[in-house]
Amino acid sequence: MLSKADHTKDFIIKTIAPIFNRNGYAATSMSDLVKATGLTKGALYGNFKSKEELAIAAFTYSIKSVLRQITDHQNLSDSPIQKLFLVSDFYRNYYDFSKELGGCPVLNIGVDANNKHPKLLCEVQRSIDKIQSNVVKLIELGKSRHEIKPTVNAAVFAKKLYTIIQGAIFMAYTMEDTSYLKSTMDQVDQWIHQELKI
């Protein structure tokens with residue numbers, strides 16, 4: 001059971017995560033966070049040592065929300081190749097899901113933190129590695145189950161997959177047009193059929 005302090009921390013993180021995600025680190029002021037939470041600056045600093053620690057906690061919360069949703073969606077099948085199709089299926093509707101988070105945390109915080117906030121950027125890079133590693137594991141499992149061609153370079157495919165997904169997310173948000181995601185995920189499905197599936 002969570003203590004009162006833990007409940008307060010959870011409330012702060014859930015409340016500020018979309019603000020950091022939408023505005024970025026530099027454009028998010030402590031007064032923005034005070035206004036959103038209804039807490040004093042002292043109460044925020046009583047739970048987190050610095051604005052940077054708040055930003056990292058907010059990103060961690062947002063990315064865990066994304067990873068949890070992807071995992072839940074992938075659990076609709078036990079087949080490695082079908083799980084890959086479920087990745088593209090998840091991202092077809094990612095625009096609406098990520099709007100609630102203030103946008104895509106990997107894209108927003110990754111761009112915002114690059115060359116400015118090394119600790120925050122490190123968290124984004126770690127998350128990207130985790131997402132790509134999941135794809136690699138699925139491909140290797142698919143090879144062992146004879147669902148995926150044994151010649152596929154799993155790491156190369158995982159990088160290509162996540163690069164095109166992030167590109168589609170950028171275009172969908174920039175153009176305010178979900179068709180970028182939907183048509184790109186159709187292309188991803190074709191790749192999985194042509195390059196991976198036995």
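**Where the labels come from**

Mentor: Tyrosine 173 has a relative accessibility of 21%, so it counts as partly exposed. Keep in mind that this is a predicted model.

Trainee: What makes tyrosine 173 partly exposed?
Mentor: Buried means under 20% and exposed means over 50%, with partly exposed in between. Tyrosine 173 is at 21%, so it gets the label partly exposed.

Trainee: And why is tyrosine 95 called buried?
Mentor: Its relative accessible area is 10%, and the cut-off for buried is under 20%. So tyrosine 95 is buried.

Trainee: Now the rings. Why is the pair of phenylalanine 90 and phenylalanine 97 called edge-to-face?
Mentor: There are seven aromatic pairs by the ring rule. For phenylalanine 90 and phenylalanine 97, the centres are 5.8 Å apart and the planes stand at 65°. Pairing needs centres within 6.5 Å, and edge-to-face needs planes over 60 degrees apart, so this pair is edge-to-face.

Trainee: What makes the pair of tyrosine 95 and tyrosine 173 tilted?
Mentor: Their centres are 4.8 Å apart, with 40° between the planes. Under 30 degrees would be stacked and over 60 edge-to-face, with the rest tilted, so 40° makes this pair tilted. Tyrosine 95 sits in helix 6 and tyrosine 173 in helix 9, so the pair ties together parts 78 residues apart in sequence.

Trainee: Which residues do ring pairs link into a cluster?
Mentor: Phe90, Tyr91, Tyr94 and Phe97. Phe90 has 8% relative accessibility, so it counts as buried.

Trainee: How do you know that lysine 160 lies over the face of tryptophan 191?
Mentor: Lysine 160 is 4.3 Å from the ring centre, and the distance limit is within 6 Å. Lysine 9 likewise lies over the face of phenylalanine 48, at 5.1 Å from the ring centre.

Trainee: How do you know that the span of helix 10 agrees with what it should be?
Mentor: At 1.5 Å a residue, its 18 residues should span 26 Å, and the end C-alpha atoms are 25 Å apart, which agrees.

Trainee: Which residues of helix 10 are buried?
Mentor: They are Leu181, Thr184, Met185, Val188, Asp189, Trp191, Ile192 and Leu196.

Trainee: What makes its approach to valine 34 a polar contact?
Mentor: A polar atom of the threonine 37 side chain lies 3.4 Å from the backbone oxygen of valine 34, and the distance limit is within 3.5 Å. On the side of leucine 39, the backbone nitrogen lies 3.2 Å from a polar side-chain atom of threonine 37.

Trainee: Last one: why is asparagine 115 called exposed?
Mentor: Exposed means over 50%, and asparagine 115 has 76%, so it is exposed. Asparagine 115 is in the loop between helix 7 and helix 8, and its phi is positive, near 70°, though it is a residue other than glycine.

Key:
Residues numbered from 1 in each chain as written. Predicted model: local features only at pLDDT ≥ 70, side-chain atom pairs only at ≥ 80, totals over all residues. Heavy atoms only, no water. Polar contact = N/O pair within 3.5 Å; in protein donor to acceptor, adjacent residues only side chain to side chain. Phe/Tyr/Trp six-rings, centres within 6.5 Å; stacked < 30°, edge-to-face > 60°. Buried < 20%, exposed > 50% of the residue type's maximum accessible area, 1.4 Å probe, protein only. Helix = DSSP H or I, 4+ residues; strand = E, 2+ residues; numbered from the N terminus. Lys NZ or Arg CZ within 6 Å of the ring centre and 35° of its normal. Expected span 1.5 Å × (residues − 1).
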